[in-house]
Amino acid sequence: MTTTSTGTDWQAWQESWDRQQEWYMPDREERFRIMLDMVESLVGPTPRVLDLACGTGTITARLLARLPGATSTGVDLDPALLAIAGGTFAGDERVTLVSADLKDPDWRAGLPHDSYDAVLTATALHWLHSEPLAALYGQVAELVRDGGVFMNADHMIDDSTPRINAAERTLRHARMDQAKAGGVLDWAQWWQLAAQDPVLAGPTARRFEIYGEHADGDMPSPSWHARVLREQGFGEARPVWCSPSDTLLLALK
């Protein structure tokens with residue numbers, strides 16, 4: 001049960017967020033399954049996890065369902081998505097939520113731990129340009145213990161394959177248009193609903209003051225991510241899953 005004294009059904013908001021995200025990424029759950037397969041394989045069934053740019057706590061929810069002995073620190077700046085995460089995990093001592101700006105060099109100051117077995121993130125770091133992303137990777141490398149793992153599932157574009165990219169984009173958008181005609185909410189429509197909710201209206205307004213409509217980041221190739229992660233202190237790095245548009249990149253300390 002995730003309905004609180006405010007009358008807000010947090011589980012319904014989680015499911016609504018999932019459906020909106022799946023409009024862009026129909027294979028979203030598959031990447032999470034592979035992510036948690038690798039967490040369990042590399043660092044065991046009771047990991048201490050940092051859910052980086054956690055949003056509503058999508059990764060944390062799946063982590064705890066899969067590995068109940070895990071603990072998670074979720075860090076994000078978005079007040080609306082953190083409100084949903086806070087409502088969802090209220091009373092769960094395995095979860096700590098931290099509000100911090102990943103562009104702030106001191107964003108790690110509010111974390112409850114100095115090191116983590118795993119740092120996980122999905123569909124978030126493309127909001128950053130390459131230079132601050134490389135700096136963030138260095139900070140993450142300092143948080144991951146020796147033998148620990150970092151995984152980033154995100155849009156990673158290989159500019160050396162323009163025809164393949166164009167074909168994938170055409171097919172993806174055709175499928176999105178078909179789903180939209182069936183009533184699926186897109187990003188803008190979902191946020192319009194959040195702005196109308198009595199509990200989320202205030203956090204949503206603050207969210208748009210922070211971010212605007214959408215950040216203008218970069219989407220470098222998987223090879224760029226792997227190279228930079230190795231340069232920033234990881235021993236190994238490579239994709240462990242991919243779709244025609246997205247990649248799950250794993251780096252091992």
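Guide: This is a predicted model.

Visitor: What is the phi of Ala53 near?

Guide: Phi of Ala53 is near 55°, a positive value in a residue other than glycine.

Visitor: How do you know whether Thr123 is buried or exposed?

Guide: The relative accessible area of Thr123 is 18%. The cut-off for buried is under 20%, so Thr123 is buried. Thr123 lies in the loop between β4 and α5, and its phi is positive, about 50°, although Thr123 is not a glycine.

Visitor: How much of the protein chain counts as buried?

Guide: Of its 253 residues, 49% count as buried.

Visitor: What makes a set of residues a nonpolar core?

Guide: The members must be buried, of nonpolar kinds such as Leu, Phe and Trp, and joined through side-chain atoms within 4.5 Å. The largest such core has 32 residues, and those with the most contacts inside it include Leu50, Trp107 and Leu136. Among the elements giving two or more residues to this core are β1 (48-52), β4 (116-122) and α5 (130-143). With seven residues, α5 gives the most. A second, separate core has 24 residues, among them Phe32, Met35, Leu63 and Ala70.

Visitor: Why might such side chains be found together?

Guide: In soluble globular proteins, nonpolar side chains tend to be buried together.

Visitor: Which residues is Leu125 in contact with, leaving aside neighbours within four places in sequence?

Guide: Contact means heavy atoms within 4.5 Å. The partners of Leu125 include Leu52, Leu102, Leu133, Phe150 and Asp154.

Visitor: How do you know whether the radius of gyration agrees with that of a compact globule?

Guide: For 253 residues, a compact globule would have a radius of gyration near 18 Å. The protein chain has 18 Å, so the value agrees. Its C-alpha atoms fill a box of roughly 50 × 45 × 30 Å along the principal axes.

Visitor: What share of the contacts joins residues 24 or more positions apart?

Guide: Such residues account for 73% of the contacts with a separation of 6 or more.

Visitor: How many helices and strands are there?

Guide: The protein chain has nine helices and seven strands.

Technical notes: Residues are numbered from 1 along each chain as its sequence is written. This is a predicted model: local features need pLDDT of at least 70, side-chain atom pairs count only at pLDDT 80 or more; totals for chains, interfaces and linings use all residues. Side-chain values use heavy atoms; hydrogens and water are left out. Helices (H or I, at least four residues) and strands (E, at least two) are DSSP runs, numbered from the N terminus. The radius of gyration is taken over C-alpha atoms; the globule rule is 2.2 Å times the number of residues to the power 0.38. Buried means under 20% relative accessible area, exposed over 50%, partly exposed in between (1.4 Å probe, protein chains only).
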